[in-house]
Amino acid sequence: MEAMLEPVAQFFGPTWPLVWTLVKIVAIIAPLMICVAYLTLAERKVIGYMQVRIGPNRVGPLGLLQPIADGMKLLFKEIIVPSGASKGLFILGPILAIAPSLVAWAVVPFDEGLVLANVNAGLLFLLAVTSMEVYGVIVAGWASNSKYPFLGSMRAAAQMVSYEVSMGFALICVLLISASLNLTDIVLSQGSGRFHDMGLSFLSWNWLPLLPMFVVFVISGIAETNRAPFDVVEGEAEVVAGHMVEYSGMSFALFFLAEYANMILVSILTSVLFLGGWLSPVGFLPDGFHWLALKTAAILFIFLWARATFPRFRYDHIMRLGWKVFIPVTLVWVIVVAVWMMSPLSIWR
Amino acid sequence: MNFVVPDFYPAAAEIFVAVMALVIMLAGAFARSVRWLAYTLTQLTLVGAALITIFVPSVDVSYTFSGMFVSDLFGNVLKLLIYLAVGVALLYGRGYLADRRMERPEYYLLAVLMTLGMMVMVSANHLLTLYIGLEMMSLALYGMTAFDRDSVRSTEAAMKYFVLGALASGLLLYGMSMIYGATGALDFVSIKDALYFQTANKTVLLFGLVFLMAGIAFKLGVVPFHMWVPDVYQGAPTAVTLLIASAPKLAAFAMTMRLLVFALFELAEQWQAMLMFLAVLSIILGNLAAIAQSNIKRMLAYSGISHMGFMLLGLVAGVVSGETHNAITAYSAAMFYAVAYVLMSLASFGMVLLLARAGFEAEEIDDFKGLNKRSPWFAAMMMIVMFSMAGIPFFIGFFAKLAVLQSVVAAGYVWLAVLAVVMSVIGAFYYLRVVKVMYFDAPADDAPIHAPAEMRVMMSVNGLSIAALGLMPQGLTYLCWIALLASLT
Amino acid sequence: MDFKTFVFYFLGAILVFAALRVITARNPVHAALYLVLAFFTAGGVWLLLHAEFLAIVLVMVYVGAVMVLFLFVVMMLDINVERLRQGFWSYLPVGALIGILLVVEMTIVLGGRYFGLEVMPEPPAMAEGYSNTRALGMVLYTEYVYPFELASLVLLVAMIVAVTLTLRKRKGTKYINPDDQVAVKREGRVELVKMPAEKE
């Protein structure tokens, strides 16, 4: 690989590292965008079948070209800036929404050694970047200069900040037992243990000893991405579409892309942190990227399933769940795990 | 890296108070209906801490927590006095708070945490711990100042206190960072060594020292960083004013000593000059401004400024042209002054609390009119306090002033002593005015004094102790002297 | 100028610009957003100093949490900027004079003479695999455990004060308790009554 790239590298000279990094970024972003596009189709299909409908099937074979058609439509629509809006921030809002959800992919490992930036503090980096996601929503809501978007963004700010805390505690548990903030190390640390030696690796992954944290993490992830049943941010019945009311065309599409990119991000993180990343679930099958893709798809299916199944939470119930249930539970569990690790019963030595 | 588990014994009192603070918090949260619980637990905490401070740490200077904490006689004596001051202040304030529906468990909880902050400050041997202790104390005080949250005046006072206090903390931190930059050390022993061996850069050090002095001056409330004092004293609920005007002064004194004497002793010539400037201004401005006040809380605030200036005079006289043989005497005079001021401050604000009742604040000097007719005993107590503050012989305030002036004269600053005496003579005017109002004016109302028995007893003990210590100051003088001797050498 | 120095000056320029805009922006929301930018850039500068933990925590705590709540408040308040600006021009000369004096003094003391690279050389680069976060954790819980625990108590004080000053029960307001609502059982709401069929 290196030898093959040598002439190209010479062509670019000193700017080669920059160019090479850009190539790698594109190699991550482009497939991600395709995944996002087909996730929207998958969502409509899955929900359709759950409601005994067929779902989109007109454009292309089995409706497979539907996302492309949607994209074209959004691309050609006019972007309307309301006359009372704060113009700069109104444009900045969607950009702020999508940027963190793409930046976070820099530290996600796809296979051993296959990661854009193998930083030591990867987990912290993720927490920091995901905590910035809320700005897109707040800025958009405020810049629209209209009541419903503003209410929506207020809700979003409170909700995302609240659930970040319990998510953070869940991550602390993971980092406690893997003794590393590096995501690759976290995956590798899951590939050992008694069950792993018996060939049943999937029982050695973090999800089993940290089961409450796993559940909290997935639910908080749904809340963090403002997906149903926690989608009061854009609840049609109350605040029309929340912060997105005034947006149209490509600026709306960016919010849409950000939401689905975040869903995929949370799913892949769940797979990496709790489900052993690219590790094979059983001893006799080789590890590989396909396992990660499979696990991510399974978590994504839970996202869609929850949306098709549960009614929307009322806002005060969301806050109650976040502050009065999840935070105490996770806080206690952090201590439990810490004590467990120090006790003779520790399984992580 | 090899890490040794630190010795917890020297810090036993701090650990006890911290644990009790959490207990009081839980008691306040889950047993809110038991009204006396928080108060009783708080007083028990103070008593327990006093017993631990007396019996657990060794008399020798001992360091723990990687040299961040020091336990010495100086610190332990001051800590005992702090428990006493906080305990008495809470006892005085209880009835006042109950009358105004402010006696909530949080008040006592904040008082305990404030005490913890002061203890940390007193025992600090590290810039970091000193700062954290200071913040803990100050934050709790800001909150307590605003405790009467529907009162515009106390909210305003809290806001001023907070903003100016944050500014002072910023200055202090900036000074600390400069000192760290110059010496490369945060703990006082290493800073002292770095200065002794002159490895530190003098210009940067002095630059840091100026900022440090600004922070200290704010916390002590001396001119030109005194602006907050009258407003906060007047605006805060009187019970809180009492807390602000008593124990924190001891903690601020300890902070000054730790920073200037324990750490930066080699720079004594420089900081003595700055302190002299602050002290002279405070004595002049405090005494002159107090004359014009009609509100007794405000008057006592200005008198407090001048008293702090007097106390600083003791620190000015430590090193004379490189000679340090006078130092212990001078510093123990300052310490004696601080203790005496806290005793008098407790009694004077306690008196304001004693006269206040539900719906009535005895804030104006006119409210003391004819107190002799209403209660000769408490009028006598107030007279003792006022005489003592004015520095009239054979009360504790006189000996405090005498000791400080003696060391100032011994250091050769005769003009300074003359100035201080002249200003305290001028200052005697407003103290005596209160006495005159009590004894020679007709009472404005003759409602009997209504106060719980324990407060009357404590008030009497407090007043009599000022007189008794005035007659026999030797014990306290000796205690201050031995505490400094044991800790500094 | 090597790449690192270039990045430093680039971030520094953004930082100074953002900080200036914080105090000059007419709209408080814009000012708050510039403050976010300033924090973010400061995080970048810290990264250059190999303090990745501090940088990330700065972004996480200040940008991700504190400023969100701050914006939350600023957006809901109706701040009259014009009134706040009254007297700006009359105070400006004095303020500017003091500001300039301070800057000059600080440049004299804090300039290269005492804090330059000759006096305080750049520390040697850390070994491969050195983790700033791990190193911080190691000292925080051992050597600095005393101030660390005390700092947590300071936060407790702040929390208690904030709750005491703001938590109040207004009279005449009806609250719904979500706990009760969640705990509702079928038995509390539905009663099955057996009745004989009625004849017409």
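Me: In what order do the elements of chain A run from the N terminus on?
Reply: In this predicted model, the elements of chain A follow the order α-α-α-α-α-α-α-α-α-α-α-α-α-α. Chain A has 14 helices and zero strands, where helices (H or I, at least four residues) and strands (E, at least two) are DSSP runs numbered from the N terminus.

Me: Which conventions apply to the model and its numbering?
Reply: Residues are numbered from 1 along each chain as its sequence is written, and chains are lettered from A and ligands numbered from 1 in the order in which they are written. Because the model is predicted, local features need pLDDT of at least 70 and side-chain atom pairs count only at pLDDT 80 or more, while totals for chains, interfaces and linings use all residues.

Me: What fraction of chain A counts as buried?
Reply: Of its 349 residues, 44% count as buried. A residue is buried if 20 or more other C-beta atoms lie within 10 Å of its own, exposed if 12 or fewer, and partly exposed in between, with C-beta atoms placed from the backbone.

Me: Turning to chain B, where is Trp228(B) found?
Reply: Trp228(B) belongs to helix H9 (residues 228–235) of chain B.

Me: Why does Trp228(B) count as buried?
Reply: Trp228(B) counts as buried because it has 21 C-beta neighbours inside 10 Å.

Me: Which residues is it in contact with, leaving aside neighbours within four places in sequence?
Reply: Trp228(B) is then in contact with Lys160(B), Tyr161(B) and Leu164(B); two residues are in contact if their C-beta atoms, placed from the backbone, lie within 7 Å.

Me: How many residues do chain C and chain B bring to their contact?
Reply: Chain C gives 19 residues and chain B gives 28 residues. On the chain C side, helix H6 (112–115) and helix H8 (145–166) each supply at least two residues. H8(C) gives the most, with 13 residues.

Me: What is the make-up of that chain C side?
Reply: The residues of the side of chain C that touches chain B are 16 nonpolar, two polar and one charged. Here Ala, Val, Leu, Ile, Met, Phe, Trp, Tyr, Cys and Pro count as nonpolar, Asp, Glu, Lys and Arg as charged, and the others, Gly among them, as polar.

Me: And how is chain C divided?
Reply: Chain C comprises domain 1 (1–79), domain 2 (94–123) and domain 3 (130–167), with bounds from an automatic or database domain assignment. The centres of domain 1 and domain 2 of chain C, taken over C-alpha atoms, are separated by 23 Å.
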